[in-house]
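Please have the sequence and the model open side by side. The paragraphs below go through selected parts one after another.

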Amino acid sequence: MGKKLLIQNDKVGGIHTLEVYKQHGGYASVEKALKTMTPEAIVEEVKKSGLRGRGGAGFPTGMKWSFLAKPEGVARYLVCNADESEPGTFKDRYLMEKIPHALIEGMITSSFALGAKTSYIYIRGEYFYVARILETAIEEAYAAGYLGKNILGTGYSLDLSVQVGAGAYICGEETALLESLEGKRGNPRIKPPFPAIAGLYGCPTVVNNVETIAAVVPIVMMGGDEYAKIGIGKSTGTKLISASGHINNPGVYEIELGLPVEEFIYSNEYCGGIWKNKKMKAVVAGGSSVPILPTELILKTAKGEPRLMSYESLSDGGFATGSMLGSGGFIVYDEDTSIPMNLYTFNRFYHHESCGQCSPCREGTGWMEKVAHRIVEGHGKATDIDLLWDIQKRIEGNTICPLGDAAAWPVASAIRHFRHEFEALIPKTAVAH
Amino acid sequence: MSTSTNIKFSDASMAEIQKIISRYPEGKHKSALIPILHIAQAEFDGWLSAETMDLVAATLKIQPVEVYEVASFYSMFHLAPVGNCVFDVCRTSSCWARGADDIIAHIGKKLGIKPGETTSDGMFTLKAVECLGSCGSAPMLQCGASYHENLTPEKVDALIESYRAAGKRRSYTDRDYKNTL
Ligand SMILES: Cc1cc2nc3c(=O)[nH]c(=O)nc-3n(C[C@H](O)[C@H](O)[C@H](O)COP(=O)(O)O)c2cc1C
Ligand code: SF4
Ligand code: FES
């Protein structure tokens, strides 16, 4: 069994309460960080840990923290990204719902490291009940002196609150999130300036994913060097994987990075194999935005090496034969799945979620949905597959935010690996025109 | 600038709104807009009429147009009347792969409506929505603050009956959520 650092106590009764959480070692990182460490020393440990952002992009957290501007007399903010709307991803919800104090503890320790005196957790509106759970836990933390003025008598003060969104995938993009938190439409900002220089209310801001912030707790406790020994190569530590689709045991699993994909899918400790004794056809390994891979390429790289659950191994081969770890939204499809129909659900999703600011994304996502729809309905034209390919190519790299790329990649990979399924849906009588 | 409206927030809502505004730095009270719109939608019949949005604008001392442009951006805000119980059924990949289309069809048949429609008694609205972060317990639907997961036609029938029997309006802000996982 691999190492667990985040949700090892998820089955402990009452772990959502401060009392039980503390009995299991909770809030020790706040004691250690605020009483015995300087903010710079914490940033240094996070750098040494090799921790990479768990929200999808995998950017090194310590480096991101060290970019934070620190002008005299200007407030700095830490904002937790709990928008979690990438299809296939539900790990942050699990962590916040089961062990809310794990996030709150991480927020306190991280805010101290960054010099933030006010921090926010921005959570998707649909998770309203999870926001209630977090709010109750935050009240407990205030009452126990872990939040508010002069925390544990150290002179450090922090206010933390939860902000709910209202249904918009794009608000997971960090600058759209900040716009939304300022009470505006969730339109991504043009970068630069990056949030580290001008973020919330124009002040220096760090935006991190829920799981990233929770991981700061074990890093502070064990030290960055020890954390870096867990995992494989530059993929250090553990990762929460949301497993869904045609598997026997859907759910959230904490894995040590480097676990073989095959073991993750077939071991009873994790997904437990494909449901109904069927065979696997394909996997989306890191949330809807990452390329879909057929069975032979998800289990082994093009070089024939076993594929591992790590940033490097999942992307081995580039987009021609690889994919990405992304948000850890791992969706498995059985042999009976229609890949074009599945793609159509993604096309519909991205069209619905495009904020509409850039025309390649706004027009392209709508057009791809329309073309994919007529293909799956059985009245596609002979030229439609090439048309889909062409549209996604024109979106990729030509937009303000990465949602455009995220909408394009699933299309490109589905056609690349499953072109025959699209061709089979085009009526034989359809003439090219 | 402030518009006169004939409706007002309850005292309890006003207290909550003040508490929310206090979370932001001086002068940044507009940050409270989305949380207040949720409260307003729950308090005034489950949707945001022009009158309700004007009240929100007056409460926050911002222009009504600032409220309209935000309300129209987010999918959880209803800009037209809806039923007491809005069934948001997820239709994205993981739910689709485990039978979401059948669940949507089953609800539609049972209630005699299509996605986007409301029953004539005003009790139910059916919506097909995008991923709700419940992919591992698919298929699923959200009603108010509650997540109903691992749905089967039988579970859906029981849900409809219990919501109908309770006869209450359900809101995303409800504190008496009941999750079925
Ligand atoms: C369209 C879009 C949606 C995103 N959604 C999320 C999300 O729901 N949660 C998240 O943590 N990051 C999301 N991201 C990534 C964020 O922009 C940002 O990189 C991340 O929050 C940084 O935190 P991390 O470094 O801890 O991963 C999204 C990005 C894009 C382009
Ligand atoms: S790429 Fe799409 S979502 Fe991103 S800013 Fe442009 S239109 Fe909006
Ligand atoms: S795909 Fe339905 S909840 Fe995620």
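Which residue has a polar backbone atom 3.0 Å from an oxygen atom of ligand 1? That residue is Glu84(A). Such a polar contact is a pair of N or O atoms within 3.5 Å; within protein, one must be able to donate a hydrogen and the other to accept it, and residues adjacent in sequence count only if both atoms are side-chain atoms.

Some conventions come before the rest. This is a predicted model, in which local features need pLDDT of at least 70 and side-chain atom pairs count only at pLDDT 80 or more, while totals for chains, interfaces and linings use all residues. Residues are numbered from 1 along each chain as its sequence is written, chains are lettered from A and ligands numbered from 1 in the order in which they are written, and side-chain values use heavy atoms, with hydrogens and water left out.

Ligand 1 is surrounded by 18 residues, each with a heavy atom within 4 Å of the ligand. The closest are Gly55(A), Asn81(A), Asn208(A), Asn209(A) and Thr212(A). The side chain of Asn208(A) has an N or O atom 2.9 Å from an oxygen atom of ligand 1. A nitrogen atom of ligand 1 lies 3.2 Å from a polar backbone atom of Gly172(A).

Next, the sheets. Strands of a sheet pair through backbone hydrogen bonds, either parallel or antiparallel. Here two strands pair if DSSP finds at least two bridges between them; helices (H or I, at least four residues) and strands (E, at least two) are DSSP runs, numbered from the N terminus. Chain A has an open sheet of four strands in the order S3-S2-S1-S4, with parallel pairing. Its edge strands, each pairing on one side only, are S3 (159–164) and S4 (205–209) of chain A. Direction ignored, neighbouring strands of this sheet are turned by 20 degrees against each other on average. Helix H6 (residues 100–114) of chain A packs on the sheet and touches S1 (77–82), S2, S3 and S4 of chain A, where contact means heavy atoms within 4.5 Å. The direction of H6 makes about 150 degrees with that of S1(A). Axes are lines fitted to C-alpha atoms, for helices over the stretch in contact, and angles run from 0 to 180 degrees between N-to-C directions. Strand S2 (residues 118–123) of chain A is joined to S3(A) by six bridges, and Ile121(A) has Val162(A) as its bridge partner in S3(A).

Four bridges join S9(A) to S11 (residues 329–334) of chain A, with Val283(A) partnered by Val332(A). Three bridges join S9(A) to S10 (residues 292–294) of chain A, also antiparallel. Five of the five residues of S9(A) are buried, buried meaning under 20% relative accessible area, exposed over 50% and partly exposed in between (1.4 Å probe, protein chains only).

Ala215(A) is in helix H9 (residues 210–222) of chain A and is buried, with a relative accessible area of 2%. Not counting residues up to four places away in sequence, Ala215(A) touches Leu6(A), Leu51(A) and Tyr227(A). Gln392(A), in helix H17 (residues 384–395) of chain A, is buried at 1% relative accessible area. A polar atom of the Gln392(A) side chain lies 3.1 Å from the backbone oxygen of Trp389(A).
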